[in-house]
Amino acid sequence: MLNPSYPIETPRLLLRPFTMDDLDELHSFHSRPDVARYLYWEARTRDETRTALEAKTRQAALSEENDTLSIAVELRETGALIGDLYLFWRSREHRQGEIGFAFHPAHHGRGYATEASGELLRLGFADLGLHRIYARCDSRNTASSRVMERLGMRREAHLVENEIFKGEWSDELVYGMLRREWTATA
Ligand SMILES: CC(C)(COP(=O)(O)OP(=O)(O)OC[C@H]1O[C@@H](n2cnc3c(N)ncnc32)[C@H](O)[C@@H]1OP(=O)(O)O)[C@@H](O)C(=O)NCCC(=O)NCCS
């Protein structure tokens, strides 16, 4: 069970639940092919973004295994919505979770994804009591793997051609972190 007290503040960011008022700003990056390149969906139409956002507005807390926590990332300075974060509760018995993130390209290269994802680790380890958190990405998605490395996650696996991704065989990287490793870095 995880019911974060929002908003969560970091030095430059504010993390909060999604509302339907986020549609325009969320669509401004969910509609981009470069953002969707290594995600399991294609650049979204406005209707597709609306459907995704409707789901996100119901994902502000985790109550059961297999639930997803969806968090909007705002830039404190301007109030702009610049990214979205996920924490998937993969197993209650094994205390496992998975994180993911996507940010608007206008806000890449400033460390915002790393700053925001650090809070996902804190929510997963400190608040939900997870034992291990992992993250996966296409091996060509170096921006994503660099975020995981900056977070202090270990590269656990390089799976070779484990899936057909957007029409071609692709490799997947798995990064992991244990609660005791997080405690040591936090
Ligand atoms: C994955 C993604 C969020 C990474 O974004 P990013 O901007 O590279 O990551 P950060 O916000 O952590 O920024 C890190 C970069 O900012 C730089 N930076 C600048 N100021 C910084 C600061 N104060 N703190 C940390 N890094 C800083 C870092 O050096 C780094 O640059 P580098 O990668 O060239 O070394 C982004 O590429 C994205 O949204 N992609 C599309 C969706 C996607 O693929 N998601 C992942 C699916 S697995």
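What is the relative accessibility of Glu161? The value is 46%, so Glu161 counts as partly exposed. That class spans the gap between buried (under 20% relative accessible area) and exposed (over 50%), with a 1.4 Å probe and protein chains only.

The model is predicted: local features need pLDDT of at least 70, side-chain atom pairs count only at pLDDT 80 or more, and totals for chains, interfaces and linings use all residues. Residues are numbered from 1 along each chain as its sequence is written, and side-chain values use heavy atoms, with hydrogens and water left out.

**View 1. The whole chain.**
The chain holds 6 helices and 8 strands. Both are DSSP runs numbered from the N terminus: helices are H or I with at least four residues, strands are E with at least two. In sequence order, the pattern reads β-β-α-α-α-β-β-β-α-β-α-β-β-α. The radius of gyration is 16 Å, close to the 16 Å of the globule rule for 186 residues, so the chain is as compact as a globular protein of that length. That radius is taken over C-alpha atoms, and the rule is 2.2 Å times the number of residues to the power 0.38. Along the principal axes, the C-alpha atoms fill a box of roughly 40 × 40 × 30 Å. Of the 186 residues, 48% are buried. Take the contacts between residues at least 6 apart in sequence: 63% of them join residues at least 24 apart. A contact means heavy atoms within 4.5 Å.

**View 2. The surface and its charges.**
The chain exposes about 9,300 Å², and carbon and sulfur atoms supply 48% of that area. Areas follow the Shrake-Rupley method with a 1.4 Å probe; for residues, only the protein chains shown count as cover. There are 25 positive and 30 negative side chains. Lys and Arg count as positive, Asp and Glu as negative; His and the chain ends are not counted. The centres of the two sets lie 3 Å apart. Each charge is placed at NZ of Lys, CZ of Arg, CG of Asp or CD of Glu.

H3 runs over residues 46–56, and its buried residues are Thr49, Ala52, Leu53 and Lys56. They cover an arc of only 100° around the axis, which puts them on the same side of H3. The arc is that of the directions from the helix axis to the C-beta atoms. On the other side of H3, Asp47 and Thr51 are exposed. The buried residues pack against helix H1 (23–30), strand E3 (68–75) and E4.

**View 3. Helix H5 under cover.**
In H5 (residues 142–150), Ser144, Ser145, Val147 and Met148 are buried. Their arc around the axis is only 150°, which puts them on the same side of H5. Their cover includes strands E5 (96–103), E6 (132–138) and E8 (168–178), together with helix H4 (112–127). Just after H5, Gly152 has a positive phi of about 90°.

**View 4. Val35 in helix H2.**
H2 spans residues 33–36 and contains Val35. Val35 has 12% relative accessibility and therefore counts as buried. Its C-alpha lies 7.7 Å from that of Phe103, which is 68 residues away in sequence. Leaving out residues up to four places away in sequence, Val35 touches Phe29, Ala102, Phe103 and Pro105.

**View 5. Gly129 and Arg95.**
Gly129 sits in the loop between H4 and E6. At 19% relative accessibility, Gly129 counts as buried. Neighbours within four places aside, Gly129 is in contact with Arg95, Gly124 and Arg179. Arg179 is 50 residues from Gly129 along the chain, yet the two C-alpha atoms are separated by 8.3 Å. Arg95 belongs to the loop between strand E4 (81–91) and E5. Relative accessibility there is 42%, so Arg95 counts as partly exposed.

Most residues other than glycine have a negative phi, and most peptide bonds are trans. Arg95 has a positive phi near 50°. Glu161, in strand E7 (residues 154–165), has a positive phi near 45°. A cis peptide bond joins Tyr6 and Pro7, with omega about -5°. Pro7 lies in the segment before strand E1 (8–9).
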